[in-house]
Amino acid sequence: MKFNSSQEIINLLLVNDRDCIQSIYTRNLDKVIRFVSKNKGTPSDAEEIFQDALFQIIVRAKVKGLQINSSFDAYLFTVCKNLWYKELNNRKKKVRNDIVLELKGEENNHIESILYQERWDLFEEMLQKLSDRCRSLLKDYFNKVAYAKIVEKFSFANENSAFQGVFKCKKKLAQYIKEDARYLMLK
Amino acid sequence: MDDNLQYNIERYLSGAMPPDEVVDFEKLVAENPEVKKELNLFKEINQHLSGERDDYDIPNSVYTNELRSFLRSEEAKDIQKTIAEIGEEQTVASKRKGRSNMLMVAASVVIFLFASLGYWFLGNPSTDSLYVDYYSQEDLPSIVKRGDDSSSLEKGALAFQDGNHEEAVAYFESYKEAGGDLDPSVFLYLGVAYSKIENIEKSIENFDAIITSNSLDASKGLWFKALAYLKAGQSENAKTILEEIVSNPSHFNSNKAKELLGKLD
């Protein structure tokens, strides 16, 4: 089954088209299984994540419409990765016995994951609006590159100016995020 | 939101604010919902950029209520059912495929025997094709971890997995630069990634770092070093390393090394 665009796939998902769902499985499930298996999970964890990701995409499309700017398959893979990281995080919390995990229920889990993914999409999109220099500076800063290296690479006068530089980029990012109508919807 | 306040938020979150100021700042946050909102946004930005994942409270908004009522609908249950049913069918189909793969393996053995005969008649295969035959990403240890210190390591592993070796190198190098307790596997990944982007010197340098370490994966370093030489067309160097692997049966892939050595001679 061949599709021309992500929108075409979403339209078929909106009418619960079995062939479309089947072809999504065929094209993508193995990749998700490989990813989860390499990241402390099992194939059945991957199948569960895959089903949740696909379901949440359809729910979002139904409730408020969904536009995917990349390929559908790439987007689905991103959603699966984020869901799997969330699951790993939950498992880590369960291991730490000082935290009593509240049983959230399936409905809240879906809502939480949907909101997380939408926030993730928004932040990624706004990051692309920043200058190359800002993106690269933030990337190095959050990858814990030493300040001294950052000063040299970005020709800052000293570490304090590097700190100011990071701050300005974050401030710009915060401004873009706040200006976007989607941010209010997620609050 | 004024600049000074945002600057203080940044100082507060990065730990650059002195303790006496922290007390006043936290009081300000507690008393002022707007400041709290701004602080939360900066926190979310930090979490997004560092790849951390935290749970958020679900807001009681029109949108979440719409999501909730749809999730409770019969339509949502039908969608979930269809997805699960197709998932079930796919699993059964893939098990069947697994069985037919066994037949494929049997067929491959026959093909391999013929190919081996062809090899004896047609001469040695190229070092490149041997590299393709013997290199397996599965032989690399899993290094993906989630946490503050390992985000560049993790990002590197993901880029590597997606075949973006240049990007992987950049992440791994910044992970190394950050210092602290390094996961020794990063040297293996860097060695392979550099070899993929045809920087044999850096590749060997990283393999040597793991080979001389106390890591359990030290002997994997030997195996991948041999493969890197093979990929670079340096078969004599590859042979030297393979001989070293063969000399100790407890070395990783010692049998494969012997087999590969036979093909290079």
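**Figure 1. Asn253(B) lies in the loop that runs between helix H12 (235-246) and helix H13 (254-264) of chain B.** The model is predicted. Phi of Asn253(B) is near 55 degrees, a positive value in a residue that is not glycine. Most residues other than glycine have a negative phi. Asn253(B) has a relative accessible area of 17%. The cut-off for buried is under 20%, so Asn253(B) counts as buried.

**Figure 2. Glu198(B) sits in the loop between helix H9 (185-196) and helix H10 (200-211) of chain B.** Here, too, the residue is not glycine and phi is positive, with a value near 60 degrees for Glu198(B). The relative accessible area of Glu198(B) is 67%. Exposed means over 50%, so Glu198(B) is exposed.

**Figure 3. A disulfide joins Cys134(A) and Cys169(A).** The two sulfur atoms are 2.1 Å apart. A search of the whole structure, over all chains, finds 1 disulfide. Cys134(A) belongs to helix H6 (residues 132-142) of chain A, and Cys169(A) to helix H8 (residues 159-179) of chain A, so the pair ties together parts 35 residues apart in sequence. The torsion about the S-S bond is about -90 degrees, so the disulfide is left-handed. Cys134(A) is buried, at 14% relative accessible area. Cys169(A) is also buried, at 5%.

**Figure 4. Cys20(A) and Cys80(A) are both buried.** Cys20(A) has a relative accessible area of 0%. For Cys80(A), the relative accessibility is 1%.

Conventions
Residues numbered from 1 in each chain as written. Chains lettered and ligands numbered in written order. Predicted model: local features only at pLDDT ≥ 70, side-chain atom pairs only at ≥ 80, totals over all residues. Heavy atoms only, no water. Helix = DSSP H or I, 4+ residues; strand = E, 2+ residues; numbered from the N terminus. Buried < 20%, exposed > 50% of the residue type's maximum accessible area, 1.4 Å probe, protein only. Disulfide = S-S within 2.5 Å.
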